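Biologist: I have not worked with this structure before. Could you take me through it step by step?
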Amino acid sequence: MTPQLINKEYSLKQLVLCIIFAFSLHFTNDLYGFDEELVREQAEKLFKEIYDNRLKLETAKLDWIVEIKEWKGRPEQVGATSNYTGWYDYHENRFRVELEQESTTNPELNSENRFAFDEDRYLLFSGDDTVGKEYDGYDVQFMKSQDSSLIYPLSTDPRLVGIMPSGYYGLLSNSLEDFLKILNKASKIEITEEDLDQRNVIKLTIWQDTGTDYRVTYWLAPYLDNMPIRIETHAERNDVIMKNEFKTQWKGYESPTETNGRVWLPLNLEAKKWKNDELIKVEVFKLIDARLGERADDRLFTWDGMNIKNKFVVDFITQDSKFTKQWNNKKKEFEAWQPVFVNDLVKKTLPEPKNVPQSQSYTMLTLIIFNGIVGLVLIFWAVKRFAFK
C-alpha cells in the first residue's frame, strides 16, 4: 500500500474546527455537552441550592402588600390591595397571619381576617363575623378543605414567592416541596448562559408532559446565589397561547442561624399574564418589612391575642361533635364550652311528633291488631283451598 501524503495546512484547519466544535458543545447546552443525565444533575443542584436558601428562613416577622393592577376577567378586583402581617416559625411549625383587604372601587371586598396555626390547633377570625372557628389536632391541608376561601390566602408560604412560576395568589395550594417537583415532571431540560440586563445569568428551560406544549424558563443569577430574577411559562393548546412572566428583585438579609450566610427575600415581584398576546392580568407583590430571627409572642396563638370583641362565639369542631363558647371581654377569657352534639343537631331538624290523646292511641292499636288477625285468616283459607284441590 502506497502511503498518502498528509496536507499539514488541511490538518491544522481540521484541528481548529474540532476545537471550535468542542467548545460549541461545551457552551450550547449547559457546559456539559448533550449528556441529559449531567444536564438534569446540574438542574437539580441549582434547584436544591434555591430550596436550601428557603429553608434558612426559619423564624421571621414579615409585612407585605399584594395589589391587583389589571384583571380582565375580574374587573371588580382591579385596585384591590391585600395587606399582610405574618409571624412564621417553621422550626416549631406554627404561624400567625393578619390580612386586611381594601378596595377603593368595591367596598364589598374590604375585610379583616386573623389566623393562627400551631401543631395542636388553629384559630380563625373572619371579618366582622361574630363566630370564629377552632380546630384541634388537624393539619393545614384539612383546614384548607374546610375553609378554602379564607385559609388559602392566609396559609400561603411566603418562602415560595419568587421561586415558583406563579404570582402570589397562584401559590395558595403549593408547598415548598412542590418547587422540587417541577423537575420531576420534566421531559427535557436545557441549561445555557446568556446576558440579562447586562449581567451574566444561567438560563434553565424545562419542558413538561402535561398534555399541552408547556415549558417553564428560569433565569438564575449567580451573583444572587442563583436566585431566579425572571421566570416565564408558555403553554399552547387548541390554538390558545397562555404566557406568564414573573420578574423579581431580591434583597439579601443576614442569616440569623448561619455565620456569614445570606437569606434572600423578594423585595418586589411583578406577575403578568397574557392570552394570545393580550395582557389580561397584572399582580404586584411588595415586601414592606422583614425581621429575621424574631420569634412570635405566644399570646398571638391564643384567642386573647386575636383582638376579638365581647360575646364573640367560637365553634370547636371535631369528627364526632361540636362545641361553642363565648368570649368574656372583661375577664379576657371564654366561658365554659357548651356541647352541641351532631346527633342532637340532626334531631332538631326533624319535625316534632304530634301529641296523640291516650284514648285515640288505644283505638288505633285495637284496629291494627284486628286487621292483622283478619289478614292471617284470609291467607290460611286461601292456602287451604288451592293447595288441596
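Biologist: Which residues does L154 touch, leaving aside those up to four places away in sequence?
Modeller: In this predicted model, L154 touches F95, V97, L99, N113, F115 and L124.
Biologist: Take F115 from that list. How far apart are L154 and F115 in sequence and in space?
Modeller: In sequence, 39 residues separate L154 and F115. In space, their C-alpha atoms are 6.8 Å apart.
Biologist: And where is L154 placed?
Modeller: L154 belongs to helix α4, which covers residues 148-154.
Biologist: Is L154 buried or exposed?
Modeller: L154 is buried, because its relative accessible area is 1% and buried means under 20%.
Biologist: Let us turn to the whole chain. What share of the residues count as buried?
Modeller: The protein chain has 389 residues, and 38% of them count as buried. The accessible surface of the chain comes to about 23900 Å². Carbon and sulfur atoms hold 52% of that surface.
Biologist: How many helices and strands are there?
Modeller: The protein chain has seven helices and 17 strands.
Biologist: What part of the contacts joins residues 24 or more positions apart?
Modeller: Among contacts with a separation of 6 or more, such pairs account for 46%.
Biologist: Now to cavities. How many of 30 Å³ or more does a search of the whole structure find?
Modeller: The search finds one cavity of 30 Å³ or more. The volume of the largest cavity is about 60 Å³.
Biologist: Which residues line the largest cavity?
Modeller: Its lining consists of L57, L62, W64, P158, R159, L265, P266, F285 and L287. The elements that give two or more residues to this lining are β1 (59-71), β12 (262-275) and β13 (278-292).
Biologist: How does that lining divide by class?
Modeller: Eight of the lining residues are nonpolar, none is polar and one is charged.
Biologist: One more topic, the strands β15 and β16. How do they run, parallel or antiparallel?
Modeller: Strands β15 (residues 321-328) and β16 (residues 333-334) run antiparallel, and two bridges join them. Opposite N328 stands E333 in β16.
Biologist: What lies between the strands of that hairpin?
Modeller: Four residues lie between the two strands of the hairpin. In this hairpin, K332 takes a positive phi near 55°.

Notes: Residues are numbered from 1 along each chain as its sequence is written. This is a predicted model: local features need pLDDT of at least 70, side-chain atom pairs count only at pLDDT 80 or more; totals for chains, interfaces and linings use all residues. Side-chain values use heavy atoms; hydrogens and water are left out. On a 1 Å grid over the protein atoms alone, a cavity is a set of points where a 1.4 Å probe fits but cannot get out, and a pocket is an open set with protein on both sides within 12 Å along at least five of seven lines; lining residues have an atom within 4 Å of a point. Grid points are joined across faces, edges and corners, and a volume is the space filled by probe spheres set on the points. Ala, Val, Leu, Ile, Met, Phe, Trp, Tyr, Cys and Pro count as nonpolar, Asp, Glu, Lys and Arg as charged, and the others, Gly among them, as polar. Buried means under 20% relative accessible area, exposed over 50%, partly exposed in between (1.4 Å probe, protein chains only). Contact means heavy atoms within 4.5 Å. Accessible areas come from the Shrake-Rupley method with a 1.4 Å probe; for residues, only the protein chains shown count as cover. Two strands pair if DSSP finds at least two bridges between them.
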